[in-house]
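Colleague: I have a model open and would like to learn how to read it. Could we go through it feature by feature?

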Amino acid sequence: MQTTVGQLMVNEVLPEDLQDRDRVLDKKGISNLLREVAQKHPEKYREISHRLNQIGWRASQESGGYSFGLRHMQKSKYAIESRKDLQNNLDKILGDEGIDDKTREAKIIKLVSAIQQAQQDPIYDEAMAADNPLAYQVLSGSRGNKMNLASLLGSDLLYSNHRDQVIPVPVLRSYSEGLTPAEYWAGTYGARKGVMATKFATQEAGFLCLGLGTLVRMADYTVKRIENVQVGDTVLGASKDGMTFPVRVSACFDNGVREVSRYRFRVGKSRNGFEEIVATEDHNILAKMKRGRPGTPHGDKNSILEPTKLPLRGAG
């Protein structure tokens with residue numbers, strides 16, 4: 001048998017049917033593993049997730065983890081080159097006296113928006129090739145994502161204000177370089193929006209109003225059927241931005257028989273793995289939508305398969 005010490009430690013805490021000597025436990029691998037645990041051994045989810053967390057803590061303490069230094073925060077070479085072209089195009093727009101301010105702002109936003117998403121993969125790939133610990137943090141899922149890495153080694157480029165309106169002040173410098181006064185001013189709106197999102201996160205979580213038997217993820221990552229959720233329990237809520245947080249249940253109620261829809265979502269890239277949620281039309285669902293035909297499990301709209309009437313249970 002050929003494997004690693006890490007694989008042996010992980011397999012030691014897993015049920016026999018989930019043990020795998022070749023598993024890659026990056027962000028996606030960990031997510032898939034915990035999903036399997038929740039589906040096949042829900043009663044052991046809390047214990048297993050805790051023991052896996054202990055393995056990660058021990059490994060990071062004894063190996064140094066993903067510690068990084070100043071050299072790892074140097075601006076990306078890709079970002080430096082792409083900013084030169086971006087700055088030239090911005091200068092042309094700013095120097096065009098034949099357009100009004102509203103048109104100029106729209107052109108700036110369109111130009112910079114196209115680059116904002118495109119920079120994430122090249123900067124991540126460059127950091128991985130350089131064995132940058134910050135990129136390994138993203139790969140492992142321990143902290144941040146490609147967008148955060150691009151902000152640190154590239155730049156944020158654009159911010160939105162508290163009304164979700166894009167501010168036409170491009171931020172071309174990275175946090176490691178330091179922002180100009182104008183860029184810092186634009187950034188304060190983004191920071192303010194982040195604070196507001198946290199403040200109102202519980203309000204955004206809203207009410208759970210689901211068909212009887214639907215499983216609800218609790219704050220400790222165990223699951224309960226909606227009818228078994230009680231006042232005082234803490235469920236796992238989520239904001240529109242994908243931030244998850246614990247929400248304490250303040251009331252439970254039976255909603256009677258109401259018309260609901262069955263939402264079906266594909267799990268990752270799996271061909272046969274699906275999750276279904278039965279809920280009222282106004283129930284908020286946090287999911288990643290991809291391109292496709294509306295009405296299909298991978299469509300770009302909620303996949304409403306069949307309106308029907310079912311008894312509902314609610315918690316708020």
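Colleague: Let me begin with a pair of strands. Which residue in S7 is the bridge partner of Val 235?

Modeller: First a caution: this is a predicted model. In S7, Val 235 has Val 247 as its bridge partner. The two strands, S6 and S7, pair in the antiparallel sense over five bridges. Another residue to look at is Leu 236, which stands opposite Pro 246 in S7.

Colleague: Which side chains of S6 point to the buried face?

Modeller: Along S6, residues 234-238, the side chains alternate. Val 235 and Gly 237 point to one face and are buried.

Colleague: Now a helix. Which residues of H6 are buried?

Modeller: H6 runs over residues 120-129, and its buried residues are Gln 120, Ile 123, Tyr 124 and Ala 127. Seen down the axis of H6, these buried residues fall within an arc of 100°, so they line one face of the helix.

Colleague: What do the buried residues of H6 pack against?

Modeller: They pack against four helices: H4 (77-94), H5 (101-118), H7 (133-140) and H8 (146-153).

Colleague: What phi does Leu 157 have?

Modeller: Leu 157 has a positive phi of about 70°, although it is not a glycine. Leu 157 belongs to strand S1, residues 157-160. With a relative accessibility of 0%, Leu 157 counts as buried.

Colleague: Which residues does Val 169 contact, leaving aside its neighbours within four places in sequence?

Modeller: Leu 157 is one of them; the others are Ala 182, Trp 185 and Ala 186. Val 169 sits in strand S2, residues 166-171, and counts as partly exposed at 21% relative accessibility. Between the C-alpha atoms of Val 169 and Tyr 159, ten residues apart along the chain, the separation is 8.1 Å.

Colleague: How is empty space found in a model?

Modeller: Rolling a probe the size of a water molecule over the atoms shows where empty space is left. In this structure, the second largest pocket has a volume of about 300 Å³.

Colleague: Which element gives the most to the lining of the second largest pocket?

Modeller: H6 does, with three residues. The lining includes Ile 123, Glu 126 and Ala 127, along with others such as Arg 71, His 72, Ser 76 and Leu 153. By type, the lining residues divide into four nonpolar, four polar and four charged.

Colleague: Where is Thr 214 found?

Modeller: Thr 214 lies in the loop between strand S3 (208-211) and strand S4 (215-217). Thr 214 is buried, with a relative accessible area of 14%. Beyond residues up to four places away in sequence, Thr 214 touches Lys 224, Arg 225, Ile 226 and Val 278.

Colleague: Finally, the whole chain. How many helices and strands does the chain have?

Modeller: The chain has ten helices and ten strands. Of its 316 residues, 31% are buried. Among contacts with a separation of 6 or more, 51% are between residues 24 or more positions apart.

Notes:
Residues numbered from 1 in each chain as written. Predicted model: local features only at pLDDT ≥ 70, side-chain atom pairs only at ≥ 80, totals over all residues. Heavy atoms only, no water. Buried < 20%, exposed > 50% of the residue type's maximum accessible area, 1.4 Å probe, protein only. Arc of directions from axis to C-beta. Contact = heavy atoms within 4.5 Å. 1 Å grid on protein atoms, 1.4 Å probe; cavity = no way out; pocket = protein on both sides within 12 Å on 5 of 7 lines; lining within 4 Å. Points joined across faces, edges and corners; volume = space filled by probe spheres on them. Nonpolar A, V, L, I, M, F, W, Y, C, P; charged D, E, K, R; others polar. Pairing = 2+ DSSP bridges.
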